[in-house]
Amino acid sequence: MNDAGYIFAGYFSTFAILAGYAGWVIRRKRTLSRLLRPEDIT
Amino acid sequence: MWRDAALVAGKDLRVEARSRVGVNQVVPFALLVLVVFAFALDSDRDTLSAVGPGLFWVTVMFSGLLAIQRSFVIESDDDARDALRLSGLDGAGIFLGKAGAVAAQLAVLEVVLALGVVVLYDVHLHGPVMLLLTCLAATVGVAAAGTVYGIIAAGLRVRDTLLPLLVLPVLAPVLLAAARACEAALAGTPADGWPWVRLLFVFATIYVTFGVVAFGPLLEEA
Amino acid sequence: MTTKSSPAVRVLGWLSAVTLALTAVMALVVTPGDVNMGDSVRLLYLHVPTAWLAMYVSFGVTTLASVLYLWKRTRSRFWDLTAGASAEIGVLFLGLTLLIGSIWGRITWGVWWTWDARLTTTAVLFVLYLGYLAVRKVPASPEVQSRRAAIVAIAAFLDVPIVHQSVEWWRTLHQDATFLDDRRLLDPQIHGSMAWTLFLGVIAFTLLYCWLLAHRFRLAWLEDRLADRAMQVAIDERRAEAGIS
């Protein structure tokens with residue numbers, strides 16, 4: 001494959017950024033759910 | 001609505017005329033920008049006259065931002081906003097008045113800047129009709145879009161940084177179109193310029209309409 | 001709503017993970033290089049889906065939700081939160097589009113950036129919606145914040161066709177040397193597996209978008225509830241101080 005470095009870098013950074021964002025959303029969601037009492041989350 | 005607009009515009013322009021911020025600070029700032037550009041680029045006359053239209057409009061944008069900010073600073077100082085809200089004036093009228101006042105200030109600024117460009121950058125003014133129409137449409141567009149975003153950013157702690165972030169991308173096509181139209185006019189090839197002038201008028205119409213519709217709700221509870 | 005994500009959302013998550021992995025395998029291993037572009041075509045399997053989802057789906061949803069919020073009969077916090085969540089994902093995807101596009105440009109044209117019409121429109125759009133997200137972060141009472149955000153979203157959306165038109169003319173009127181013939185490059189003789197991979201990529205990213213939107217919306221909703229509760233606690237404390245119960 002030509003330009004393999006660029007192509008792999010592109011794929012790697014895309015998936016890393018997406019995973020990072022998804023991880024941030026889910027972690028923050030968990031933190032917030034713990035702060036709220038069950039009766040608030042209905 | 002028109003009477004309200006005239007009242008608000010008159011008030012804004014009177015405040016500006018008396019405070020002399022425009023004359024003492026905004027106009028010198030704009031001229032300073034022209035000089036700074038000359039330092040940054042090249043003192044070569046060919047370069048400067050070639051990029052003249054673009055620099056002119058960039059300067060108008062930045063100085064316009066100052067004018068828009070001023071237009072809402074005078075409302076948020078002393079809580080004049082509340083007075084405006086309670087005045088019973090029509091929201092659309094207030095919008096047209098404020099945008100009109102900004103447009104008038106911009107027009108004055110453009111005249112001064114045009115002189116500056118002619119003198120400092122050695123630009124020769126050709127195609128006056130197209131130049132005038134371009135200035136008219138671009139000024140109305142900048143003033144209308146700026147006023148819509150001005151009220152959103154007004155009175156916020158982050159106003160000074162938020163307004164440019166919101167307004168500059170929206171005005172990107174105006175900058176592009178106005179610079180290209182002026183280039184075409186100056187180069188003596190008006191046929192290239194007319195689509196841009198039309199685009200400027202479309203932009204101005206859209207944002208004036210949008211402001212007339214949206215300004216009431218924005219003013220109400222901002 | 002419960003704290004745990006619903007089974008449907010979890011299935012969606014797994015599906016998008018599997019299709020994304022499949023897309024990557026197809027794109028990097030199975031498909032051949034393009035006749036004109038060579039191996040750089042492999043980047044387009046990411047570039048095209050992210051661009052499509054960001055510009056049409058995400059910002060479309062934001063605009064629609066903002067209109068529904070402003071319309072009195074459908075006004076609800078739900079639409080405002082949806083608009084915000086969708087715009088954030090859109091900005092993320094558009095950022096990825098620019099990143100991948102610029103790597104592709106580096107390979108194909110030898111430069112990271114050119115002032116091509118499509119690139120410029122995308123960049124302006126990116127900044128426009130960054131502004132929208134900034135407006136959403138400015139503190140205000142919930143209703144003021146929502147209404148302000150909805151109006152900014154619609155104003156930004158109105159600008160999109162004008163930006164597109166102006167940039168398009170800018171490039172066509174000022175065409176010095178054509179770097180590439182867009183139409184030839186982006187509509188090449190597509191090999192069967194290449195078309196399927198592209199299609200799979202679009203599906204994968206659509207699933208991912210839906211999954212992210214569900215979670216991001218949920219997060220926004222939790223933030224909202226937390227702010228409500230903080231307010232309620234503060235009110236209760238004041239009342240207790242004043243001896244009212």
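This is a predicted model: local features need pLDDT of at least 70, side-chain atom pairs count only at pLDDT 80 or more; totals for chains, interfaces and linings use all residues.
Me: How do you know whether the radius of gyration of chain B agrees with that of a compact globule?
Reply: A compact globule of 222 residues would have a radius of gyration near 17 Å, and chain B has 18 Å, so the two agree. Along the principal axes, the C-alpha atoms of chain B fill a box of roughly 55 × 35 × 30 Å, and 47% of its residues count as buried.

Me: How do you know that the length of helix 4 of chain C agrees with its number of residues?
Reply: At 1.5 Å a residue, the 21 residues of this helix (residues 117–137) should span 30 Å, and the end C-alpha atoms are 31 Å apart, so the length agrees.

Me: Why are residues of helix 4 of chain C called buried?
Reply: A residue is called buried because 20 or more other C-beta atoms lie within 10 Å of its own. The residues of helix 4 of chain C that are buried include C:Thr120, C:Leu128, C:Tyr132 and C:Val135. In chain C as a whole, buried residues make up 38% of the 245 residues.

Me: Which residues have the most contacts inside the largest nonpolar core?
Reply: Among them are B:Ala144, B:Leu200, C:Tyr132 and C:Val152, in a core of 135 residues. Helix 7 (residues 159–187) of chain B gives the most to this core, with 17 residues. Leaving aside residues up to four places away in sequence, C:Val152 touches B:Ile152, C:Tyr132 and C:Val135.

Me: How do you know which pair of chains shares the most contacts?
Reply: Of the 2 pairs of chains in contact, chains A and C share the most contacts, and their contact takes 23 residues from chain A and 27 residues from chain C. The side of chain A that touches chain C has 14 nonpolar, 5 polar and 4 charged residues.

Me: What is the distance between the nearest C-alpha atoms of chain A and chain B?
Reply: These atoms are 24 Å apart, and chain A and chain B do not touch.

Terms used
Residues are numbered from 1 along each chain as its sequence is written. Chains are lettered from A and ligands numbered from 1 in the order in which they are written. Helices (H or I, at least four residues) and strands (E, at least two) are DSSP runs, numbered from the N terminus. The expected span of a helix is 1.5 Å times one less than its number of residues. A residue is buried if 20 or more other C-beta atoms lie within 10 Å of its own, exposed if 12 or fewer, and partly exposed in between; C-beta atoms are placed from the backbone. Two residues are in contact if their C-beta atoms, placed from the backbone, lie within 7 Å. A nonpolar core is a set of buried Ala, Val, Leu, Ile, Met, Phe, Trp, Tyr and Cys residues joined through C-beta atoms within 7 Å. Ala, Val, Leu, Ile, Met, Phe, Trp, Tyr, Cys and Pro count as nonpolar, Asp, Glu, Lys and Arg as charged, and the others, Gly among them, as polar. The radius of gyration is taken over C-alpha atoms; the globule rule is 2.2 Å times the number of residues to the power 0.38.
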